[in-house]
Every structure is written in structure tokens, then in C-alpha cells.
Amino acid sequence: MIGERAPSTGSGTPKEILMLNVNTIKNGLVIDHIRAGAGWKIYQWLGLDKAPFTSCLIQNVHSEKSGKKDIIKVDNIINIDYSVLGFIDPDICVNVIENEKIVRKITMELPAKVSGVFNCKNPRCITQTEHYITPTFILADKVKGLYKCEYCDTLYQAGGNV
Ligand SMILES: [Zn+2]
């Protein structure tokens, strides 16, 4: 065939189907490599279950790296607090889609501190009773992804708390 190329329809492998779906987003985000099972919590945290624009959550997608993963697609460029997202799941990668092309890949970093988003689970923590105190978690071990409550030193694992 000269001068004309048939459009690629993909051979039906999951990866190609995924790429096909990504291309149906004109301007938006694909939140990839979410730990399997955490997708719904992130979906809710982002308010996508109540958002007026199109979005979808795909669960238990086959992943070479981790076996299974969740993916969230948003047909809109939304503002995300990436420091919180990095705390929820540091392995996430966010693809920014503009005009149906991936223009940017954002990888998560562990934030130095996370404040006012999660509550300390220690029932004796002062943040549980004194509600004017904002629960704050400080990065204690960057390699292990460990955080500690600023007030009671309870340890939390990034990616393991929510
Ligand atoms: Zn605490």
C-alpha cells in the first residue's frame, strides 16, 4: 500500500485497548499505576463521583509492574493536590492529555508534610479531641515512606493508610 495507511485498530491486547481509550480523551488526565483497590478512594477524594464532567475508574487492570492496578480517567484538566496524592499512593503517575496527546507525565513525590487532609487514628491523639488543631503528618523516613503524626508520633506508611 503506497500513500495510504490503514488506521491502526490494535490487536486486542489490553495495553493497546488502553491506549485507544486514552486517545478518546481530548483534554484531561489519566491517573495511572494506582495500587489495585485504592482507585475508588482516590476517585471519591477527587470528588469525581459528583463531578459534572465525564470520568471513569477502571479497576484491576493488568500491569507488568505490579500485577494489577487501577486507573482513573478524567475528561477535564482538574486541579489536584499532588502532595496529598503522593501521600495516598507514591507510585501513581498522572498523564496530562491535551488535544488527545500526552503532553506531560507527573510522577509523585513524598511530601515533606501533609496537613488537614487525614485524621490521626490514635484515639488518644490530641487532634482527636481538640478540633482546632489541624492533623499534620511529617515525613520521618523518606526511603521507607514513613510519616509520623506531629502530635503523638504515631507512624503511618505512605500508600498504606487510606
Ligand atoms: Zn496523632
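Leu139 stands opposite Tyr147 in β8. The two strands here, β7 and β8, run antiparallel and are joined by 4 bridges. Strands pair if DSSP finds at least two bridges between them. Strands are DSSP runs of E, at least two residues long, and helices are runs of H or I, at least four residues long; both are numbered from the N terminus. β7 and β8 form a hairpin with 4 residues between them. In that turn, Gly145 has a positive phi of about 70°.

This is a predicted model, in which local features need pLDDT of at least 70, side-chain atom pairs count only at pLDDT 80 or more, and totals for chains, interfaces and linings use all residues. Residue numbers start from 1 along each chain as its sequence is written.

**The four-stranded sheet**

β7 and β8 belong to an open sheet of 4 strands, in the order β6-β7-β8-β9, with antiparallel pairing. Its edge strands are β6 (113-115) and β9 (155-157), and each pairs on one side only. From one strand to the next, the twist averages 30°. Axes for such angles are lines fitted to C-alpha atoms, for helices over the stretch in contact, and angles run from 0 to 180 degrees between N-to-C directions. Strands of a sheet pair through backbone hydrogen bonds, either parallel or antiparallel.

Tyr147 also has a bridge partner in β9, namely Tyr156.

**Antiparallel pairs**

| Pair | Bridges |
|---|---|
| β2 (residues 55-63) and β3 (residues 67-74) | 7 bridges |
| β6 and β7 (residues 136-141) | 3 bridges |
| β7 and β8 | 4 bridges |
| β8 (residues 146-149) and β9 | 3 bridges |

β2 and β3 are joined by a hairpin through 3 residues. Within this pair, Val61 stands opposite Lys69 in β3.

**Overall fold**

The protein has 4 helices and 9 strands. Along the sequence they follow the pattern α-β-α-β-β-α-β-β-β-α-β-β-β. Of its 162 residues, 23% count as buried. A residue is buried if 20 or more other C-beta atoms lie within 10 Å of its own, exposed if 12 or fewer, and partly exposed in between, with C-beta atoms placed from the backbone. Among contacts with a separation of 6 or more, 56% come from residues 24 or more positions apart. A contact means that the C-beta atoms of two residues, placed from the backbone, lie within 7 Å.

**The nonpolar core**

What touches what inside? A nonpolar core is a set of buried Ala, Val, Leu, Ile, Met, Phe, Trp, Tyr and Cys residues joined through C-beta atoms within 7 Å. The largest one holds 26 residues, and Val30, Ile31, Ile34, Ile42 and Ile72 touch the most other members. Two or more residues come from each of β1 (28-35), α2 (39-45), β3, α3 (82-88) and β8. β1 gives the most, with 4 residues. The core draws at least three residues from each of domain 1 (2-107) and domain 2 (113-157). Those bounds come from an automatic or database domain assignment.

Ile72 is in contact with Ile31, Ile34, Gly39, Ile42, Tyr43, Ser55 and Leu57, leaving aside its neighbours within four places in sequence.

**Confidence**

pLDDT is the predictor's confidence in each residue, from 0 to 100. The protein averages 86, and 85% of the residues score at least 70. Residues 1-14 have a pLDDT below 50, and this stretch has 7 contacts in the model beyond near neighbours in sequence. Residues 16-20 are also below 50, with 5 such contacts.
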